[in-house]
Amino acid sequence: MNDASTALPRRLHETVLLGVLGLVIVVWSLLPIYHMVVLSLTPPREGFAGHLWPVNPTLANYVTVLTQADYYLAQFWQQLGNSALIAVAATAMVLLCSLMASFAISRLRPRFGSLVSYLALVAYFVPATFLAIPFYQVMGTYGLLGNQLSLVLCVVAFATPYAIWVLQQNAHTLPDELDDAARIDGAGPLQMFTLIYVPLMLPTIVAVGAFALMLSWNEYLYAFLLLSDESRFTIPVMLGQFMADDAAPWPLLMTSGVIYMLPPTALYYVARQFQSSGMMSGSVKG
Amino acid sequence: MTTPATNNALAPSADLRRRGQLLSFEEAWALFFILPFALVFVLFIAYPIAYALYLGSDLSAYPRVLTDPIYLLTLQNTFVFIVFGVGLKMLLALALSSFFVLPGRGVRVISALFLLPWVAPHIPSILSIRWMLNSDWGMINTLIFKLFHVDGPAWLTQPSYGMLSIITVHIWKYLPFWTMIIVAARLGIPKDLYEAAKIDGASPSQQFRHVTFPAIAGVFLTSTMLSAIWSLGDFNSIYLLTGGGPMERTNTLATMGIRYAFRKADFEAGVVTMMSALPVLVPLIIVLLRRLREQR
């Protein structure tokens, strides 16, 4: 819509060129995921054939995964449940911490508000990987190593600063008159928070919540460092175990990968309908 | 209207504040609302950072790290990864944004598919690529053999191809996010700027240079810096693809730090390795803080 070509009807060679470009983009984006699906439909012993499409497609791998009929997948359902539980717990805590903090900073405007938002921004910039070693040690000090709570807290620590930042950006668009009217009616900060702030921020809450869910669902490094017992693993840690040897049944790895990929993908496309591009809004301004 | 609390006397809610109190009524509530985040910040961000600085103050770890030839190679790899990974990714994002700002249903459908690498969890998709790139049985070399009847390169087991594969995977994974950030910025440019440029007879490339780019240069620069910081912390693209191999020759600081700490149980060396990114990381964070705060 910014380009001159849109004002005029596109010429044929332009359309062809754009079509080719679009095709290249789609192939580039989908090839690894297509490959995953192809491998998931391939009989386990044919994983080494490098087929471009499933030659003898079968759903046997899905049956194997869903019935946990393989050594690597013996606790698939338990681990899927762990992933979901950790994601939901972490998201609830991220939303609680970030909604409360962003409300305080942007609606109550205390003198120390800008310091808090500054610290949140610094925490948002620090790459999580760089804190993995001390985080692991500190979790040992707290006696939480191996405990799933440590992973929940890790997600809370790394997702909350971003959530505060995005909520704060959007909170500035709420008119101050709302709060003033509430104050005149005798509402205290607690009522302003529950009756005005949270309901009006709902679209941003959906976006931030989806972000936290996906971050938690995807987390690999911390999950693999902090959890040691197989019954407490999340799916990414279980999938990572397949790397240990090439003789591992990779078609089964890809099958569980496809199943594991579905919830965040569905969530993303649903949340996208809810608030277009909201998940990225506020993440980069400047 | 509530004014910032520094203007106490003028604020309409001043009646709620008692003179001489350290905190006003609403500030005391603000403290309560900030408490959960403050706890999380102190316990799980500030304390680990302090602990890292404490581990990094062990001077005996430095000679151990600095004399390790793998460490020097790691520094070099990190440089290559950031310069080419981030540079190429951001240039491609800028170029592709010209495609995704076009109107039409087709472009919208393609943009939804284009986002899939970013939406899909890292682990299965990067492991899928790892299998695809296997030089003996992967889909890519099978394809190369069918088309050209030659053996494809050892994508993962030869260090320079390994770095190439790592950079490619990194771009595959993160290109969609940055492209969409730039697209969002471009869609925010007022249309009358383009109308005026067209009346002046500006060609599409002149419009890009004189209207589009100046309008999004700020976002582009911020994005590039942010992407450089986060790419320094990209563990998955390396660890899941080559595992830092062959013979530790494709590590970056992120994977090497983890390796020292958890494979060799040398936490000090791990922290020192990670800390060698600080001379780049700290200035970037300071510049970014300034840029993002100025916006508000």
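The model is predicted: local features need pLDDT of at least 70, side-chain atom pairs count only at pLDDT 80 or more, and totals for chains, interfaces and linings use all residues. Residues are numbered from 1 along each chain as its sequence is written, chains are lettered from A in the order in which they are written, and side-chain values use heavy atoms, with hydrogens and water left out.

**Interface extent**

- In chain B, 111 residues are in contact with 110 residues of chain A; contact means heavy atoms within 4.5 Å.
- The two chains bury about 10,400 Å² between them, and 77% of that lies on carbon and sulfur atoms. Buried area is the accessible area (1.4 Å probe) that two parts lose on being put together, summed over both.
- B:F33, B:F44 and B:W131 supply 8% of the area that chain B buries against chain A, more than any other three residues.

**Polar links and make-up**

- Between chain B and chain A there are 2 salt bridges. A salt bridge is a side-chain nitrogen of Lys or Arg within 4 Å of a carboxyl oxygen of Asp or Glu.
- A:R183 forms a salt bridge with B:E26, with the closest N and O atoms 2.6 Å apart.
- Helix 1 (residues 25-56) of chain B gives the largest share of the side that touches chain A, 22 residues. Helices are DSSP runs (H or I, at least four residues), numbered from the N terminus.
- By class, this side of chain B has 82 nonpolar, 20 polar and 9 charged residues.

**A:T129**

- A:T129 sits in the loop between helix 4 (113-125) and helix 5 (132-141) of chain A.
- A:T129 is buried, at 7% relative accessible area; buried means under 20% (1.4 Å probe, protein chains only).
- A polar atom of the A:T129 side chain lies 2.5 Å from the backbone oxygen of B:G233.
- Leaving aside neighbours within four places in sequence, A:T129 is in contact with A:L221, B:G233, B:F235, B:A254 and B:M274.

**Cysteines**

- The structure holds 0 disulfides over all chains; a disulfide is a pair of cysteine sulfur atoms within 2.5 Å.
- A:C97 is in no disulfide, and the nearest cysteine sulfur, that of A:C154, is 14 Å away.
- A:C97 is buried at 5% relative accessible area, and A:C154 is buried at 1%.

Terms used:
Helices (H or I, at least four residues) and strands (E, at least two) are DSSP runs, numbered from the N terminus. Ala, Val, Leu, Ile, Met, Phe, Trp, Tyr, Cys and Pro count as nonpolar, Asp, Glu, Lys and Arg as charged, and the others, Gly among them, as polar. Buried means under 20% relative accessible area, exposed over 50%, partly exposed in between (1.4 Å probe, protein chains only). A polar contact is a pair of N or O atoms within 3.5 Å; within protein, one must be able to donate a hydrogen and the other to accept it, and residues adjacent in sequence count only if both atoms are side-chain atoms.
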